[in-house]
Amino acid sequence: MHIVMGAMNTLLPKLAELVVGEYKLQKGVKGEIQELQEELTSMTAALRKVAEVPPDQLDEQVKIWASDVRELSYDIEDEVDTFRLRCKEHEHTEPFSLKGLIDEPWEMKQHIDKIIELLRDKRYLCVIDDLWKESAWDTIKLAFQDGHTGSRIIITTRSKIVAEHVGGGVYELKPLSDDDSRKLLSKRIFDTHDGCPPSLVEVTGKILKKCGGVPLAIITTASLLASKPMCSVEWEKLNKSIGFGHGNSLHVDNMRKILSLSYNDLPFHLKSCLLSLNKYIEDQVIEKDVLILSWIAEGFIIEETQPAGTSLQEVGENYFNELINRSLIQPVHRPVHRRPLDRYTEVGVDVHACRVHDMVLELINQLSSEEGFVTTLLLEDGQQASALTSAVQKRKIRRLSIHNSNKSDASPEAREQLSKVRSLDIFGRVRSIPPLSSFHVLRVLQVDDCSDLESNHLNNLGKLRHLRYLRLHCLQVSELPESIGDLESLETLDIRRAYIWQEILLPLSFGKLGKLVRLLSERVKLPDGVTLKNMKSLQELVGILVTLHAVSEIGKLRQLKVLVFGIILNNFCKSDMELIPKCLQMCPSLQVLFIVQAPTREYSLDFLRQVPSGLQKFVSDAFFQETFPRWINSSLSCLTILSITLCGMHILPEHLDKLAALPSLRFLGLSVLHANSRKQEHIVFPSRTSTFLCLTEFQFDCRMMFLKFRHGAIRKLHRLVLKFDARMTTNFDYGLENLPSLRHVVVQLRKDFPEAQDDISKAINDHPNHPSLDLSFFS
């Protein structure tokens with residue numbers, strides 16, 4: 001019943017605003033609103049008690065009542081929002097149509113032919129993970145026709161029927177032993193293999209027996225136990241609530257029971273966030289910032305959980321981390337190789353995305369279906385009209401997620417019900433989207449792949465007056481429609497992942513978006529004539545191409561916190577570079593600055609004489625700095641992330657001293673290019689207790705420089721990334737043993753160099769922490 005709680009938490013503040021705000025209400029309406037407010041507040045108190053009871057223990061009549069309250073709260077909120085925006089009644093919409101594909105049989109044949117060609121005359125080992133249906137294997141095996149090379153295929157599945165259908169040797173994975181199960185649980189809770197207190201040994205054994213040696217069950221249970229008081233009474237309560245499964249499905253039933261317990265143990269606001277993952281495709285990598293921004297737009301991140309001085313995005317980060325800590329989502333660590341503007345969200349960040357385990361997704365799907373949270377349609381040829389109509393007949397659709405869509409029309413009944421949809425997410429390669437005029441109260445619109453979408457499909461975009469979050473992934477158009485200026489509620493516009501050379505022109509109406517908080521893009525140009533002075537809410541500009549006009553307008557954004565821009569070399573002369581520091585001085589709230597340009601010696605960062613004193617993150621990508629930046633000093637007390645490229649200069653001890661004196665620095669990235677001397681240089685990090693007090697990650701890219709860490713040089717460093725040409729280096733003794741907190745080492749070598757590999761591997765093996773090693777090569 002937590003879904004009703006989430007709806008109430010967004011509705012009640014809006015009712016309060018109607019009462020105290022300067023709205024022209026008919027006589028007596030204000031009193032009626034106050035009565036409704038009091039009644040809903042009373043209902044909220046009752047719903048809080050209901051939300052604390054596990055769903056399987058609720059009376060059926062209570063479930064029906066809560067469901068009715070949920071629908072009522074949605075309808076009231078829609079009416080309130082519509083009134084606040086003074087929307088006129090929508091005209092009759094055109095028939096619903098969604099042009100789909102992914103020509104699916106033809107495209108499938110093309111994929112199969114590509115794989116056949118790729119593997120021709122090769123010996124390979126292929127792993128196909130988590131196969132669910134026999135029919136899927138019948139398609140997949142068409143790509144593996146030649147078996148004379150001695151190749152092998154490994155398939156994992158939870159279905160014995162599928163395994164027998166595939167054939168070959170069937171290996172049934174055995175559960176963990178009692179000893180390994182105990183070690184896994186202890187490591188998760190106590191951070192050691194044998195740290196369980198004697199008073200908890202007995203109850204731990206009982207709990208592990210019910211986990212049945214299933215790793216996910218053990219990890220999830222351990223995460224749940226970690227949130228409880230460490231006493232046998234509380235652990236016994238959890239043990240009794242797990243119960244035993246029935247018959248041959250013992251482990252599966254217990255696993256589901258454990259996951260249900262973990263879900264029920266969540267605060268109601270986290271339950272809404274977790275259920276929202278139901279809209280994503282199985283095994284999809286879900287980007288953290290995309291997920292958090294959609295949570296904000298849907299109202300899942302509530303003010304009562306927002307500590308003073310923190311933003312909604314920071315609260316969302318806490319929500320995300322909490323779900324990871326409870327093992328309900330799986331972290332995806334950032335890749336070493338990434339696109340330039342991806343670094344804006346990823347630099348200095350270890351986890352940038354997540355996945356959902358299959359069994360967790362099954363639970364989410366079940367709960368979401370029971371509570372009508374998200375309606376997900378997985379469509380095949382000719383299914384769309386009947387599937388959508390059938391879904392509408394069951395209940396009102398508030399959140400709609402469409403996968404693998406194909407061209408077909410929906411019934412008039414289905415089109416009418418689309419007017420209640422608050423969130424629309426379309427996954428798969430999209431060639432058409434539903435007529436946007438059908439969605440009267442839409443808050444979130446996410447289209448995952450717009451590479452085949454044409455400009456005319458966005459013609460009615462301006463009619464989405466309630467829209468707060470718009471994400472058009474891989475948009476392949478040269479300019480945005482003028483109607484985008486009518487999106488008066490829009491807070492986030494995300495048009496990232498266009499091809500890196502593609503330039504998108506913002507419309508003249510862009511300056512009308514008074515509630516816009518962030519523009520996320522890769523290469524957008526601000527046309528002459530657009531003014532930003534009325535965009536009082538704008539805090540993030542990502543991917544803006546710097547022109548003289550853009551620089552002058554950016555300087556008017558007093559609330560700007562994040563600026564990621566690129567220099568257009570053919571439109572920006574060297575004398576104009578002086579305008580950039582003046583612009584930065586006029587943005588006192590700036591916290592993140594990321595400068596991108598094509599590699600060239602013509603321009604350097606020497607023009608930056610100072611940066612805003614409150615700067616927290618500075619990154620320059622492919623922008624040369626020919627002298628050590630004068631503005632780097634201990635006065636930058638808030639700077640936590642610094643990544644710069646140094647060109648044609650030597651790193652001297654006094655430069656290290658300046659870097660070491662930055663009091664809050666957590667991430668340091670240095671790229672040193674075109675050294676003046678062909679002689680190998682030595683950079684030594686000395687033993688000082690007062691240097692690099694907070695540094696946890698260091699990335700160093702240089703062809704001919706040799707690093708040496710003295711004892712205690714960087715005490716908190718746990719991740720080290722090195723990129724160098726092993727042929728130019730004669731000494732691989734970096735002093736890694738003097739980094740007591742080291743956990744991860746990433747090394748990129750220019751081509752294969754066995755001696756370097758051996759020395760690096762030995763240094764890693766000799767380190768007392770035995771850090772992980774990721775070794776790769778570049779040309």
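Buried means under 20% relative accessible area, exposed over 50%, and partly exposed in between (1.4 Å probe, protein chains only). Keep that scale at hand for the tour. The structure is a predicted model, in which local features need pLDDT of at least 70 and side-chain atom pairs count only at pLDDT 80 or more, while totals for chains, interfaces and linings use all residues. Residues are numbered from 1 along each chain as its sequence is written, and side-chain values use heavy atoms, with hydrogens and water left out.

**Stop 1: salt bridges**

A salt bridge here is a side-chain nitrogen of Lys or Arg within 4 Å of a carboxyl oxygen of Asp or Glu. A search of the whole structure turns up 23 of them.

Start by selecting Lys-206, which at 34% relative accessibility is partly exposed. Its salt-bridge partner is Glu-236, with the closest N and O atoms 3.2 Å apart. Glu-236 sits in helix 10 (residues 232–242) and Lys-206 in helix 8 (residues 201–211), so the pair ties together parts that are 30 residues apart in sequence. Helices, by the way, are DSSP runs (H or I, at least four residues), as are strands (E, at least two), and both are numbered from the N terminus. Glu-236 is partly exposed too, at 21% relative accessibility.

Next, select Asp-179 and Lys-183. Their side chains meet in a salt bridge at 3.6 Å, N to O. Both belong to helix 7 (residues 178–190), and because they are four residues apart there, about one helical turn separates them. Asp-179 is partly exposed at 40%, and Lys-183 is partly exposed at 35%.

Now move to Arg-120 and Glu-117, whose side chains form a salt bridge at 3.1 Å, N to O. Arg-120 has 39% relative accessibility and counts as partly exposed; Glu-117, at 48%, also counts as partly exposed.

To finish this stop, select Glu-287, Asp-289, Asp-448, Arg-471, Asp-494 and Arg-496 together: a network of salt bridges links them.

**Stop 2: a buried arginine**

Which part of the chain holds Arg-422? Look in the loop between helix 18 (412–417) and strand 10 (423–429). Arg-422 is buried, with a relative accessible area of 5%. Show its contacts (heavy atoms within 4.5 Å). Setting aside neighbours within four places in sequence, Arg-422 is in contact with Tyr-74, Glu-77, Asp-78, Arg-398, Val-441, Leu-442, Arg-443 and Val-444.

**Stop 3**

Leu-125 lies in strand 2 (residues 125–128) and is exposed, with a relative accessible area of 60%.

**Stop 4: helix 14**

Select residues 312–325, the 14 residues of helix 14. From first C-alpha to last, helix 14 reaches 20 Å, close to the 20 Å expected at 1.5 Å a residue; the expected span is 1.5 Å times one less than the number of residues.

Which residues of helix 14 are buried? They are Val-315, Gly-316, Tyr-319, Phe-320, Leu-323 and Ile-324. These buried residues pack against helix 7, helix 12 (268–275), helix 13 (288–298), strand 5 (330–333) and strand 6 (351–355). Just after helix 14, Ser-327 takes a positive phi of about 60°.

**Stop 5: a buried serine**

Ser-262 lies in helix 11 (residues 250–264) and is buried at 3% relative accessibility. Not counting residues up to four places away in sequence, Ser-262 touches Thr-220, Leu-224 and Leu-328.

**Stop 6: two positive phi angles**

Most residues other than glycine have a negative phi. Select Phe-692, which is not a glycine and has a positive phi of about 45°. Phe-692 lies in the loop between strand 22 (681–685) and strand 23 (697–702) and is buried at 6%.

Is His-770 buried or exposed? His-770 is exposed, with a relative accessible area of 58%. It is found in the loop between helix 22 (754–766) and strand 27 (772–778), and its phi is near 45°, a positive value in a residue other than glycine.
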